[in-house]
Amino acid sequence: MSMKLAVEISDASDLAPKDGSASCNPYVEVEFDEQRQRTATKPGDRNPYWNETLVFDVSSSSSSSSSSRLASLPVDVSVLHDRRLNDHNAARPHTFLGRVRVNAAASAAPSPDQAVLQRYPLEKRGLFSRVSGDIALKIYFLHQEDDAALGGTTNQEPVAAAAASGDPERIVRSAFAPPAAAAAAAAAAEERKQQQQEPRIFRSVAAAASASSEQQQQQQRRTLHAVGAPPPPPGQTVVMPRPAAPPASAPPPGGGFGLVETKPPLPAKMGPRAAAAAAAKIASTYDMVEPMSYLYVSVIKARDLPTMDVTGALDPFVEVKLGNFKGVTKHLEKNPNPVWRQTFAFSSEHLQSNQVEVVVKDKDMIKDDLVGRVLFDMTDIPARVPPDSPLAPQWYRLADRSGEKLRHGEIMLALWKGTQADEAFPEAWHSDAHSLPPDVLATTRSKVYYSPKLAYLKVLAIAAQDLVPADRSRAQMAPTIVKIQLGGQIRRTRPQGQGSPNPAWNEEFMFVASEPFDEPLVVTVEERVAAGRDEPVGRLVVPVAAPYVPRNDLAKSIDSKWFNLSRALSADEAAAGGPNRERTFASKIHLRLSLETAYHVLDESTHYASDLQPSAKKLRKGAIGILELGILSARNLASKNPYCVAKYGAKWVRTRTALNTAAPRWNEQYTWEVFDPCTVVTVAAFDNCLGAEGKADQRIGKVRVRLSTLEIDRVYTHYYPLMALAPSGLKKTGELHLAVRFTCTAWANMLGMYGKPLLPKMHYTHPISVLQLDYLRFQAMQMVAARLGRAEPPLRREVVEYMLDVDSHMFSLRRSKANFYRITSLFSGAVAVAKWMDGICKWKNPLTTVLVHVLFLILVCYPELILPTVFLYLFMIGAWNYRRRPRKPPHMDTVLSHAEPGLVHPDELDEEFDSFPTGKPGDVVRMRYDRLRSVAGRVQTVVGDLATQGERAQSLLSWRDPRASAIFVMLSLVVAVVLYVTPFQVVAVVLGLYLLRHPRFRSKQPSVPFNFYKRLPAKTDMLL
């Protein structure tokens, strides 16, 4: 007789959270008689429903031996959490959630009709296991003779086919199910539905008896099982209502702007043993993107083309046709031997034909004439994968429409199948952009840019000698100033030297200079003859390049120099070709010039800077790692021509523009060297205006990823939300799919970076003021934007300004409130400790208070244990929080930014996006000014209260209140004597026990020291 054991797993509820975000990824694993099977994984569900049946073989033997064997065989049902869904590199693939162990002979029903769905509470595996919840099971035996007893009909589905399918439910139906299986299944489903609505009843029943002495000892033990069939055996009954489903409500704040983890088929995430990894890996540097297939057609040149016009002239061009897609080269006038050197790329999604047609035509005003063509079969085109060498082009004889070869005319072509890792990919004309003009097509290609090398130029204007007035009729010099100009940067000194030809200024200025230092430094001494009227006295033009301006790489002292001032020509003299006669001009100016290359030129905020290296190459440290970024795709974008820009350090990358799509697929991978782990990579998406007149590339959204929050060698693949903040409010503009990996190549250097200053040493030995640093940062951003805007294709100014957050210094009431709540959250921990201490002092939990008393007395008796206890406590907190560490990289938090619709007023956003100076009407400006005054009034009150408390502390010994000061002085003397004669431990014990005294010995009135401090005078009564 063949017999099987079926374990039907219905559902589970109230499982313990395991992934740090109040959820888990549960699945069930059942083991019986050295057979193990499992269910599917339910991601992010603490109340999962499986409704799966697992079938196990029962060994066939005699009836007596089978019964005794079943009596000793347990059914182990383990509920596990799948960690691989959240962490692909997890050392342990699963975490324990609970288990149920039942006896097969005692708990299994004889047949499926007699089986009842039972709920079992999950049990712990060890002392420290954290388990909660229960699981619903139905266990029964399946006999092969049940078919004949219930109708004698054969199974409709072959057993072999069902077994091959691997579906447990199909195996049960095919091998052991009666004809009325469908009706029985429907009835069982209805029964489960009714039972799920009823309260769950847990009863304590005795375990199954056994003949052995060991089993007789275990008979006295009570095991908690769920029995669904009445009447119940005597025992204690606990009624637990089934938890109701959470009511439908509005999503939590920020719920629509979270990260979505993905599992794309990237070679970097498949593992070295995956067979698909070797086939999918397209190149060693392209293992973090999905391979995209392309057909490349490289049109090199042609020769000996026949003429088609009566005049004998030929204006040839080439058309490459593949189905409905066509690529066209430029036409060359009157050239029978043209050279094009253009490459066309057709995506695998656009392969609509089995043949590729390359047609050579003659450009004509009315209709283009056919010169010849070449046809290629798609199956004959070879495949090329880097690092293979480029495919060598070949000459092909042209044919006419009928397919006959021409006597003259050949074209050189190269056709191959490749991927985006091919060298021809960046410069190729893609099939979705073949219709664009050549000048616009250049703006759709992927490019890599580098920021200009910047350095600070320090100019110290010391003094001048022998200045001559601009108007020689005046006998006395007017106050003089020095105007220093470098490109568009202009700085002026204060007026000095009233009536003196030898003024002294001693003012220092800093400018931002960019290599190759083409713009000279122009120093002009001007005489302020009237308000708003300055006349030049002398001028000096100094090239910034060496040797005129020395480099200061090691923060050494630079010598100052005297420079001759040349005569400044007026407008009339310049128009006439100069003065009538030469004059000897002996005026001099004393300057100190230096290029401060030991600084780092900030072009972005230090809070999310991507480069902190000094300008001098010899002061830079070696790389500690490699950052790899894969820009995979996007979805649900609010634009039709998107492209992405990423910046890290001085390297900028730009993906190609995907035309006419809201779900682009780029799959482009880029690499940067990492010199500091505490840096940020910025990725932004834009909508290409395709060269439209007067239009700018629109912002779609931005993503920042801090490298220090990433685990080493782990590939993070997530959909990052893209958000746009506008005066109308916050709007989600799509999701950007990125793959990020940080690889460390120098562990010791990376760990040592955490003990070094963030900026180069020069920023701390010779600091720059905050106002001057903001000015220099703005100038640096303008120079970077101007330099990248002159590239081909240009990286537009609005793109660079958005990446560098050029307007982050502007006032925003929304950001001010967000920063206020950030400060409030910092003190929440101290407030929680104060509340806990207040509960200890008021004996709200006597047991905890007693333990605190014991710990306090131990620390007082053994003060050398105080610091070890504190640091051990910090270690325990850190070790406990490690299991709850963030599994996803941080991203833009809309709640923290105070940008949710319910958290920010529309007028606050309108004020944030207002121009500077404002262009709003007077009543709007007045309303905003009054609102700012009210907010500043509350801040003023808080600052005043803090100042009051400090002034009261100062007045203790200042004798402003002679009686209070006398009391404090005499009390200080008494306390000094008492502490001198009393051991410190005794004093500490007395004070501690007094603070922790029982509420019965406490008064609701304020304490005496508090009353004394509140009565001390402050300077508030001295304010006007």
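Student: If a charge sits over a ring when NZ of Lys or CZ of Arg is within 6 Å of the ring centre and within 35 degrees of the ring normal, which residue lies over the face of Tyr 994?

Tutor: Arg 997 does, at 4.1 Å from the ring centre. The charged end of Arg 883 also sits over a ring, that of Trp 880, 5.1 Å from its centre. Please keep in mind that this is a predicted model, in which local features need pLDDT of at least 70 and side-chain atom pairs count only at pLDDT 80 or more, while totals for chains, interfaces and linings use all residues. Residues are numbered from 1 along each chain as its sequence is written, and side-chain values use heavy atoms, with hydrogens and water left out.

Student: Rings, then. How many aromatic pairs are there?

Tutor: Rings of Phe, Tyr and Trp (its six-membered ring) pair if their centres lie within 6.5 Å; planes under 30 degrees apart count as stacked, over 60 as edge-to-face and the rest as tilted. The count by this rule is eleven aromatic pairs. One of them joins Phe 344 and Trp 429, which is edge-to-face because the ring centres are 6.1 Å apart and the planes stand at 65°.

Student: Which strands do Phe 344 and Trp 429 lie in?

Tutor: Phe 344 belongs to strand β16 (residues 339–347) and Trp 429 to strand β21 (residues 429–430), so the pair ties together parts that are 85 residues apart in sequence. Here helices (H or I, at least four residues) and strands (E, at least two) are DSSP runs, numbered from the N terminus.

Student: Are Phe 344 and Trp 429 buried or exposed?

Tutor: Both Phe 344 and Trp 429 are buried. Buried means under 20% relative accessible area, exposed over 50%, and partly exposed in between (1.4 Å probe, protein chains only).

Student: What about Phe 686 and Tyr 802, at what angle are their planes?

Tutor: The planes of Phe 686 and Tyr 802 are at 85° with the ring centres 5.7 Å apart, so this pair is edge-to-face. Phe 686 lies in strand β36 (residues 680–687) and Tyr 802 in helix α15 (residues 797–804), so the contact ties together parts that are 116 residues apart in sequence. Phe 686 counts as buried because its relative accessibility is 0%, and Tyr 802 counts as buried at 13%.

Student: Changing topic: which residues touch the most other members of the largest nonpolar core?

Tutor: A nonpolar core is a set of buried Ala, Val, Leu, Ile, Met, Phe, Trp, Tyr and Cys residues joined through side-chain atoms within 4.5 Å. Within the largest one, of 34 residues, Ile 9, Val 30, Phe 32, Val 75 and Ile 135 touch the most other members. Several strands each supply at least two residues of this core, among them β2 (26–32), β5 (74–82) and β8 (134–143). Strand β1 gives the most, with five residues.

Student: Which residue forms a salt bridge with Asp 910?

Tutor: Arg 928 does, with the closest N and O atoms 2.4 Å apart. Arg 928 sits in helix α21 (residues 922–954) and Asp 910 in helix α20, 18 residues apart. Arg 928 is buried, with a relative accessible area of 8%, whereas Asp 910 is partly exposed, at 23%. Salt bridges that share partners join Asp 907, Asp 910, Glu 911, Lys 920, Arg 928 and Arg 931 into one network.

Notes. Salt bridge = Lys/Arg side-chain N within 4 Å of Asp/Glu carboxyl O.
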